[in-house]
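Hi there,

Here is the structure I promised to pass on. Have a look at it first, and then read on for what turned up in it.

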Amino acid sequence: MNKLAKEYKGRATFLCLNTRGIPDAKSYKESKGLNEPALLHGAVRPPEEYGLRYIPHKVVIDKGGKVVKNFEGVNLAEDVKAVV
């Protein structure tokens, strides 16, 4: 995800949300080496429209805010390129 955040900086936003709080989010970020500044982290419950069922859960959202791909079959490299 670091690579994609760097490649699409200014054209796409990557959010990593942690439902257990900021300390856990920071720990996860460090353990996975997610250090790209354009990769945003937060500790919140995502909106119901994102259909969070499992962790980790990936959602691709277009510029208009429409969910275009949700969880199953998400390939970030291909799917982000298609919506940017």
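Two notes on where the values come from. This is a predicted model, in which local features need pLDDT of at least 70 and side-chain atom pairs count only at pLDDT 80 or more, while totals for chains, interfaces and linings use all residues. Residues are numbered from 1 along each chain as its sequence is written, and side-chain values use heavy atoms, with hydrogens and water left out.

**The largest pocket**

How much space lies in the largest pocket? About 1,200 Å³. Of its 35 lining residues, Leu 15, Cys 16, Leu 17, His 57 and Val 59 are the closest to the centre. Strands β1 (14-17) and β3 (59-61) each supply at least two residues of the lining, and so do α2 and α3. (Helices, H or I with at least four residues, and strands, E with at least two, are DSSP runs numbered from the N terminus.)

Here a pocket is found on a 1 Å grid over the protein atoms alone: a cavity is a set of points where a 1.4 Å probe fits but cannot get out, whereas a pocket is an open set with protein on both sides within 12 Å along at least five of seven lines, and lining residues have an atom within 4 Å of a point. Grid points are joined across faces, edges and corners, and the volume is the space filled by probe spheres set on the points.

**Salt bridges**

Side chains of opposite charge can pair when their charged atoms come close. A salt bridge here means a side-chain nitrogen of Lys or Arg within 4 Å of a carboxyl oxygen of Asp or Glu. How many does a search of the whole structure find? Three.

For accessibility, buried means under 20% relative accessible area, exposed over 50%, and partly exposed in between (1.4 Å probe, protein chains only).

- Glu 36 pairs with Lys 6, with 4.0 Å between the closest N and O atoms. Glu 36 sits in the loop between α2 (22-31) and β2 (39-42) and Lys 6 in helix α1 (residues 2-7), so this bridge ties together parts that are 30 residues apart in sequence. Glu 36 is buried at 8% relative accessible area, whereas Lys 6 is exposed at 56%. Glu 36 also has Asn 2 at 5.3 Å, C-alpha to C-alpha, although the two are 34 residues apart in sequence.
- Lys 69 pairs with Asp 79, the closest N and O atoms being 3.3 Å apart. This links distant parts of the chain, with Lys 69 in strand β4 (residues 67-70) and Asp 79 in helix α3 (residues 76-83), ten residues apart. Lys 69 is partly exposed at 28%, and Asp 79 is buried at 11%.
- Arg 20 and Asp 24 meet through their side chains at 3.4 Å, N to O. Arg 20 is exposed at 62%, while Asp 24 is partly exposed at 28%.

**A nonpolar patch**

Which residues make the nonpolar surface patch of about 340 Å²? They are Leu 15, Leu 17, Leu 40 and Val 44. Leu 40 belongs to strand β2 and is partly exposed, with 40% relative accessibility. Patches are made of residues with over 30% relative accessible area and no salt bridge, like charges being joined within 9 Å and nonpolar side chains (Val, Leu, Ile, Met, Phe, Trp, Tyr) within 5 Å. Accessible areas come from the Shrake-Rupley method with a 1.4 Å probe, and for residues only the protein chains shown count as cover.

**Two lysines in loops**

Lys 58 lies in the loop between β2 and β3 and is partly exposed at 39%. Lys 58 and Leu 17 are 41 residues apart in sequence and 10 Å apart in space, C-alpha to C-alpha.

Lys 63 is in the loop between β3 and β4, and Lys 63 is exposed at 72%.

Best wishes
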